[in-house]
Amino acid sequence: MGVAISIQDLSFTYAETRRPALQHINGQVEEGTFVVIMGHEGAGKSTLCCSLNALVPRFFRGEYSGRVIVHNVEVAKARVAEMSRRVGLVLQDFEAQLFSTSVELEVAFGPENLCLPRDEIERRIDRYLRFVGLADMRRREPASLSGGQKQRLAIASVLALEPPILVMDEPTTDLDPIGREEVLSVADMLRQEQRTLLVVDHDPETAVDADQVWLMREGEVVAQGPPRQVLTDLALLESCGVQPPPTVALFQALGWPGQPLTVEEAITLIREHDLARPRPLQCPSTPTNGRPVILELRDVDYVYPTRAVEALSGIHLQIREGEFLAIVGQNGSGKTTLAKHLNGLLKPTRGEVLFRGRPLGDIRRTEMARLVGYVFQNPDHQIFSNTVREEVGFSLRMAGMDPRAVEERVAEALAVVGLAGYEEEVPFTLTKGERQRVAVASVLAAQPQVIILDEPTTGLDYRHQRSMMEMLRDLHRRGHTVIIITHSMWVAAEYAERVVVMKDGRILVDAPTRMAFAQEPALAEASLRPPPLLRLGNWLGTSGLTLEAMVEELRTG
Amino acid sequence: MNIFLYLDENTWFHRLDPRTKIIGVLLLFGIVMVFNHPLYMAGVALGLLLLGVAAKALPNFWRMRYILALLVVFSTVLWPFFAKGPTPLWSWGRLEVSRESLMYAVAMGLRLASFVAAGLIFLSVTTNEEFTQGLIRLGLPYPVAFAFSTALRLVPTFAGAGATIVQAQISRGLDVESGNLFQRAGKFIPLAVPLFIYAIRHTNMLAMALESKGFNPGAPRTWYLNPQMRRTDTIALAVLAALFLAALLLRLQGYGQVLPRL
């Protein structure tokens, strides 16, 4: 097999920045192999992807040195349009890539640019829509598709150019588990076709099947090798802000033999070496928090005014003071719709929502912000000020608080989110993780009793996900009621006390976390799966929710 | 949220060549402009309603019912004061309403509604891409047509982001509904700045995606959509042109007018 991509001492610094985005990258990708690139936010993964199809240095200008050769073509000397025949690039934000009014025209765009005759375009539309499983949606509007479908459409629209190399930058980040599997199965089929595939991903489960894993840190590639070699070096993974495979971490902590990358492997090893005996799972009878109910939904139905479909039906939910609740479910299952009822952004079509027994309709908006805070998924949907200080103090000024008190509260909120001393920074120039924290601080400043966060960890790397969740745990300890909406199962498992599983606008499971994740069939019905550690825990019958707890339990037997 | 009016049906309107649709709607606009007599205008409006039925565009008429009703009501109430006619009905100081001006006002109301109706029928049967394709076939350079259609395409995307931004700021206690005009204008900033930045990020990302798919505005390209002028197109255009000319002749003969003005 020949060499598909050869990178020789590549360095790149974006114009108007000082720190190099890529430093002395060397690497080779053989034809027909599958490479997974991992690393922390800002490690240079996206820049590396862009350097393969000439977006770097053609679209993004800067200081470029070294060479990238793709199938005997030097990338820096080619134009992006030329490279598009050789390297297909699926960008991180799939929403922004779709711009046609129908699925088929979206796929037709690339071949049209290649000046292909009409019947060839027709053939490619047909072929690649079938390939990604969207053949019966040709006339649909892309905006009406689910997240997984949109991402698959984005892939099909790039595949239609028939590039021998496909590069995907975090193709599964915003997707629920089922959407993720849909996309990964497309990746699988591409491998069977002997196409070269480069995927940037945070999840060690994706990397398990790769031929090569590249680890990046601060613009450098620090490790290259088969997954079994790279993914078992826990210290190195940690230093790159990458989540280590939990089964490997568990085996290493217990000193068990073997480095299982998957749950199945772990089970085989445990059986083989008789490391532990599976026993019936005994969930500790969780002390029912006897505190008063703070938020209550009584028999709530909600129908979106524009669509006839019911977004919520027959919801009964009581949230007690000081709880840490996670709402999980597929995209479109009604999680966000439910959460938006909790601070009155949406009004139920039928039924009622009560805050400490008071109907939400009786509460004014400015007062509401002090009772229930709501952090939206994307911090960029709310940041507008020139300084962090102004941004965080916004809701207080809206409530008419005097400037000195505002100052104090702002400092306090920033300290809680770990951004003390950032008052004079310009929020737009902060990293995504920091902007997320500014958004949380701006909601916290009003000192709401309940704080709701929509996907607080999406778009953050493992390190930032951890610190964001630790911060929420801290808030919870201080007495706030915390509600998160998430599609990250391990986040729900490790941090929430109680999990609500939603499907088609209904509550399918509402139980203490360990019990909720023990119900694998019910979760499967909602297209969810427990995180790997708890799948193993379900098999072993351990009741711990974190790595540490499981290690403790298995040690003492 | 869907602000596009295209309805995915399969009537013979939908099957027309986009060039026919564009020229056709211009001819319809022309016909709407000819008369200012309410009875003649009522005929035109009825004709458009029937076209709407044939094109299965009624759901859009229903969606726009308030706007249509408002146009008719406002223009009927306001026009009489601005058009002067020979037979006075009522006067108060310099304000004067005549029989003709009242009739003219009703005709203007119908004209505006008909105008909107013609546009609605066009948008109900034409996708964004067809429209672009039609413009290109009529001689508009591709880069211009592409910019135009992309701009149209981004409207709903930005509207969606705007809705989220409003909710995010309301959750933080922004009260958009109270205060005087000046205060309200100030409250616009927390909404406008994030939207502006979103737009820049989004557009930049789109540009990257377009280039990655081999887009090059100056280079030759082919099209998947391949509209053809058929017999029905010729007939449709001939009928509309004939109707327009007939209407124009009638008006020049003095029919269909209550006041000698547009």
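Biologist: How many salt bridges does a search of the whole structure find over all chains?

Modeller: This is a predicted model. The rule asks for a side-chain nitrogen of Lys or Arg within 4 Å of a carboxyl oxygen of Asp or Glu. Searching the whole structure, over all chains, gives 48 salt bridges.

Biologist: How many salt bridges does the count give between chain B and chain A?

Modeller: One of them pairs the side chains of R153(B) and E141(A), at 3.3 Å from N to O. Side chains of opposite charge can pair when their charged atoms come close. Between chain B and chain A, the count is six.

Biologist: How much area do chain B and chain A bury between them?

Modeller: The contact takes 64 residues from chain A and 50 residues from chain B. In chain B, the residues that lose the most area to chain A are R172(B), K213(B) and Y224(B), together 21% of what that side buries. Carbon and sulfur atoms carry 60% of the buried total, which is about 5,000 Å².

Biologist: Which element gives the largest share of the side of chain B that touches chain A?

Modeller: Across this interface, 24 residue pairs are in polar contact. The elements giving two or more residues to chain B's side are α7 (128-137), α8 (142-171) and α10 (189-212) of chain B. The largest share is 17 residues, and it comes from α10(B).

Biologist: How do the residues on that side of chain B divide into nonpolar, polar and charged?

Modeller: Chain B brings 50 residues to the contact. They divide into 25 nonpolar, 15 polar and 10 charged.

Biologist: Turn to chain A. Why is one side of β2 and of β5 left without a neighbour in the sheet?

Modeller: The open sheet holds four strands, in the order β2-β1-β4-β5 (chain A), with antiparallel pairing. β2 (22-30) and β5 (73-74) of chain A stand at the edges. One side of each has no neighbour in the sheet, because each has a single partner strand.

Biologist: In β4(A), which residue is the bridge partner of Q8(A)?

Modeller: Strand β1 (residues 3-14) and strand β4 (residues 62-70) of chain A run antiparallel, joined by eight bridges. Helix α1 (residues 45-52) of chain A lies across β1, β2 and β4, at about 120° to β1(A). In β4(A), the partner of Q8(A) is R67(A).

Biologist: Which strands are the edge strands of the six-stranded open sheet?

Modeller: The order in this sheet is β16-β17-β18-β13-β19-β20 (chain A), and the pairing is mixed. The twist averages 15° from one strand to the next. Two strands pair on one side only: β16 (372-375) and β20 (506-512) of chain A.

Biologist: In β18(A), which residue is the bridge partner of A326(A)?

Modeller: Strand β13 (residues 324-329) of chain A runs parallel to strand β18 (residues 481-485) of chain A. Four bridges join them. In β18(A), A326(A) has as its partner I484(A).

Biologist: How many residues apart are R19(A) and E218(A)?

Modeller: These two form a salt bridge, with the closest N and O atoms 3.5 Å apart. R19(A) sits in the loop between β1 and β2 of chain A, and E218(A) in the loop between β9 (212-217) and β10 (220-225). E218(A) is not a glycine, yet has a positive phi of about 50°. The pair links distant parts of the chain, 199 residues apart.

Biologist: Which helix holds P57(A)?

Modeller: A cis peptide bond joins V56(A) to P57(A), with omega about 5°. P57(A) is found in residues 55-59 of chain A, helix α2.

Notes:
Residues numbered from 1 in each chain as written. Chains lettered and ligands numbered in written order. Predicted model: local features only at pLDDT ≥ 70, side-chain atom pairs only at ≥ 80, totals over all residues. Heavy atoms only, no water. Contact = heavy atoms within 4.5 Å. Buried area = accessible area lost by both parts, 1.4 Å probe. Polar contact = N/O pair within 3.5 Å; in protein donor to acceptor, adjacent residues only side chain to side chain. Nonpolar A, V, L, I, M, F, W, Y, C, P; charged D, E, K, R; others polar. Pairing = 2+ DSSP bridges. Axes fitted to C-alpha atoms, helices over the stretch in contact; angles between N-to-C directions.
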